[in-house]
Amino acid sequence: MKATITSIARYLPPNVYDNHWFEDKIDTNDEWIRTRTGIRERRFLGEGGTSDLIVPAAKEVLQRRGISAEEIDVIIVCTVTPDNFFPSTAATVQRKIGATNAWGFDLSGACSGFLYGLWTGAKMVEGGVKKVLVCGGDKMSSILNFEDRATCVLFGDGAGVVLLEPNPDDTHGIMDSILKMDGNGGQYLYMPAGGSVKPPTKETVENKEHYVFQDGQTVFKSAVVGMANVSAEIMEKNNLRADDVSWLVPHQANLRIIDATANRMGLSKEKVVVNIDRYGNTTAGTIPICLSELYDEGKLDTGDNLILSSFGAGYTWGSVFLKWGMKKTNS
Ligand code: UT7
């Protein structure tokens, strides 16, 4: 028995900020951002927290599946921008959607959070849990230093949610994963203060230590190798040739990393999902948002082989092999 996705939706806040928006605030320009990253615009939420990105998507997931919130057993919220340290954002989502019979937790896996969560949720379903909501979302604008051109242009806000349920046979579902972590990479992409090591003080705030710090070049080099290798590895492990793969659904951090991964897998551009141009890097949101768009555009059908791949802070990285189980939409 496998766990399979039976409903999916996304939420992107309405306010769009194109690259030109940054030009009179910091020393950057549209051309640099486009050519180095592939990003043209992103969305920022404004008021509210990550739960306000997840809740609209979660409600739509329930409505599309035609079930009530009370039927949900577990809520996993993958995020590095929780509404609060505690209670968990999962608890907040539970309250806001009225999933009174669910328990749940937050999962901190940064850009790989959704893949970690998807695999965790799948194992719960295989163990007998009936309905698991796996939510990936981040309000990255809440931890961006808008004076640091090296980071603030890269990220956006957004969320995607999937419902996992049992598929009685093995014909489709979450088939396999290779998930990895290397804590030695932690120093290259992190938030220096605000945690228990360096609780917030006037100085940490003045030093802007509550924002994303990234050594972009170092992360880039590791990401290109890590994401490409793990994607090739999961194909090999499952005897998949390039022709067998319907779609690569990669984390959206940089178009050059995505291209390198696709090359390594021997996939043509037509089989690679890209929306970084419209949303930037929404951290745990990228992969479920991509999947949701792909499905709504009628580009996914039962039996399609998908490789989901990511690389991010931690370092965390990995790939999930997924056989799509829902019928193609007509749109
Ligand atoms: O999702 C989590 C994982 N994260 C990633 O996978 C991100 C990995 N890293 C990257 O995607 C890339 O390293 C970046 C997009 C962050 C940067 O691209 P890069 O090609 O590695 O540029 P760089 O950091 O080597 O910077 C090149 C130049 C520097 O100027 P000098 O030293 O050559 O004069 C930077 O100061 O570009 C400068 N620069 C900018 N210029 C205009 C950095 N940011 C900007 C900017 N606008 N926004």
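This is a predicted model: local features need pLDDT of at least 70, side-chain atom pairs count only at pLDDT 80 or more; totals for chains, interfaces and linings use all residues.

**Entry 1**

**Entry 2: where the domains touch**

How many residues of domain 1 are in contact with domain 2? I got 52 residues of domain 1, and they touch 49 residues of domain 2. Next I looked up the buried area: the two domains bury about 4,100 Å² between them. Carbon and sulfur atoms make up 63% of that area. Then I checked which residues of domain 1 lose the most area to domain 2, and they are Cys111, Leu115 and Trp119. Together those three account for 17% of what the domain 1 side buries.

**Entry 3: charges and polar pairs across the interface**

The salt-bridge rule finds four of them across the interface of domain 1 and domain 2. I also looked up one pair, arginine 10 and glutamate 293, whose side chains meet in a salt bridge at 3.9 Å, N to O. That is within the 4 Å cut-off, so the pair counts. For polar contacts across the same interface, I found 20 residue pairs, with both residues at pLDDT 80 or more.

Which elements give two or more residues to the side of domain 1 that touches domain 2? My list has strand 1 (2-11), helix 2 (30-37), strand 3 (41-43), helix 5 (113-126), strand 6 (132-139) and strand 7 (157-167). Helix 5 gives the largest share of that side, seven residues. Sorted by class, this side of domain 1 has 25 nonpolar, 13 polar and 14 charged residues.

**Entry 4: a closer look at helix 5**

I stayed with helix 5 for a moment. Lysine 123 and glutamate 126 are both in helix 5, three residues apart, which is about one turn of the helix. Their side chains meet in a salt bridge at 3.0 Å, N to O. I then searched the whole structure and got 19 salt bridges.

**Entry 5: the ligand**

Now for the ligand. I count 23 residues around it, and the closest are Thr28, Arg36, Gln217, Asn254 and Asn281. The side chain of threonine 28 has an N or O atom 2.6 Å from a nitrogen atom of the ligand. For glutamine 214, a side-chain N or O atom is 3.0 Å from a ligand nitrogen.

Last stop, the backbone. Most residues other than glycine have a negative phi, and most peptide bonds are trans, so I went looking for exceptions.

Where did I find cis peptide bonds? One joins phenylalanine 86 and proline 87, with omega about 0°. Proline 87 is in the loop between strand 4 (74-78) and helix 4 (89-97). Another cis bond runs from glycine 314 to tyrosine 315, with omega near -10°. Tyrosine 315 is also in a loop, the one between strand 12 (305-312) and strand 13 (316-323).

As for phi, alanine 110 has a positive value near 50°, and it isn't a glycine. I placed alanine 110 in the loop between strand 5 (103-107) and helix 5.

Notes. Residues are numbered from 1 along each chain as its sequence is written. Side-chain values use heavy atoms; hydrogens and water are left out. Contact means heavy atoms within 4.5 Å. Buried area is the accessible area (1.4 Å probe) that two parts lose on being put together, summed over both. A polar contact is a pair of N or O atoms within 3.5 Å; within protein, one must be able to donate a hydrogen and the other to accept it, and residues adjacent in sequence count only if both atoms are side-chain atoms. Helices (H or I, at least four residues) and strands (E, at least two) are DSSP runs, numbered from the N terminus. Ala, Val, Leu, Ile, Met, Phe, Trp, Tyr, Cys and Pro count as nonpolar, Asp, Glu, Lys and Arg as charged, and the others, Gly among them, as polar. A residue is near a molecule or strand if one of its heavy atoms lies within 4 Å of it.
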